[in-house]
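Student: Could you walk me through this structure? I'd like to know how the terms are defined as we go.

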Amino acid sequence: MTWVKVCGLTGADHVAAAQAAGADAVGFVLVEASPRFIPMATAGRLIAQTTAMPVILTLDLPPRDLVELAEQLGAQGVQPYGNHATEAAAAASAAGLLVLRPVAAGELPSLDGIPETEMPLIDQRSGGRLGGTGESFDWGSLANVDRRFVLAGGLHADNIGRAVSSVRPWGVDASSGLESSPGVKDVRLIQAFVKEAKQA
């Protein structure tokens, strides 16, 4: 069964909806430029309430800072971007955390440099944004990927079944496709996405 992460959650009701629907992981964005950004205090409060795996998204954090932040908040996974991402990912993996390593869909050769202890998260990037663009990409480009990975990029309830059957990823991750407006999740969209992903 496909592993499912619902990302960019900002409120307890949306975390509860993701959990109730059967999501395996929930993501919290600690990047201030994102419309889904939440302060660390809010992230800690939401993480304390979740039974799904909490994953934090960070930008430019050095290795020690990332590991310490994850421990402080009670996160079980990390998704590091920007400067220090490679070193921070290695440190987080050594600390026993799940590491989702973001890879732009157009940079698949870089998968060769990602250790097997880390899980590639293949997403679409545009306009200088790290992810969460709501844009999909040609899934056919993944035909030769011969390792487990998480698929992201423009996923929602109406296309997740086709995505899973076409690509057969280990996991899937959605954020903007589950929103009524940028940064505002919709409980019904969350529930529908998780249901369709698990049934695909």
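Tutor: Let me start with burial: a residue is called buried under 20% relative accessible area, exposed over 50% and partly exposed in between, with a 1.4 Å probe and protein chains only. This is a predicted model, in which local features need pLDDT of at least 70 and side-chain atom pairs count only at pLDDT 80 or more, while totals for chains, interfaces and linings use all residues. Residues are numbered from 1 along each chain as its sequence is written, and side-chain values use heavy atoms, with hydrogens and water left out.

Student: Is Asn159 buried or exposed, then?

Tutor: Asn159 counts as buried, because its relative accessibility is 6%.

Student: Where is Asn159 found, and what does Asn159 touch?

Tutor: Asn159 is in the loop between strand 7 (150-151) and helix 5 (160-167), where helices (H or I, at least four residues) and strands (E, at least two) are DSSP runs numbered from the N terminus. Not counting residues up to four places away in sequence, Asn159 touches Trp139 and Gly154, contact meaning heavy atoms within 4.5 Å. A polar atom of the Asn159 side chain also lies 2.9 Å from the backbone nitrogen of His156.

Student: Changing topic, how are the strands of the barrel arranged?

Tutor: Eight strands form a closed barrel in the order 1-2-3-4-5-6-7-8, with parallel pairing; two strands pair if DSSP finds at least two bridges between them. Strand 1 is joined to strand 8 (residues 171-174) by four bridges, running parallel, and Val4 stands opposite Val172 in strand 8.

Student: And what about strand 2, why is it called largely enclosed?

Tutor: Strand 2 (residues 25-29) is largely enclosed by the rest of the structure because five of its five residues are buried. Ala25, Gly27 and Val29 are buried on one side, and Val26 and Phe28 are buried on the other.

Student: Which strands does strand 2 pair with?

Tutor: Two bridges join strand 2 to strand 1 (residues 3-6), in parallel, with Ala25 as the bridge partner of Lys5. Strand 2 also pairs in the parallel sense with strand 3 (residues 53-59), over five bridges, and there Val55 is the bridge partner of Gly27.

Student: What about the nonpolar core, how many residues does the largest one have?

Tutor: The largest nonpolar core has 51 residues, a core being a set of buried Ala, Val, Leu, Ile, Met, Phe, Trp, Tyr and Cys residues joined through side-chain atoms within 4.5 Å. Residues with the most contacts inside this core include Ile56, Leu142 and Val172.

Definitions and conventions:
Polar contact = N/O pair within 3.5 Å; in protein donor to acceptor, adjacent residues only side chain to side chain.
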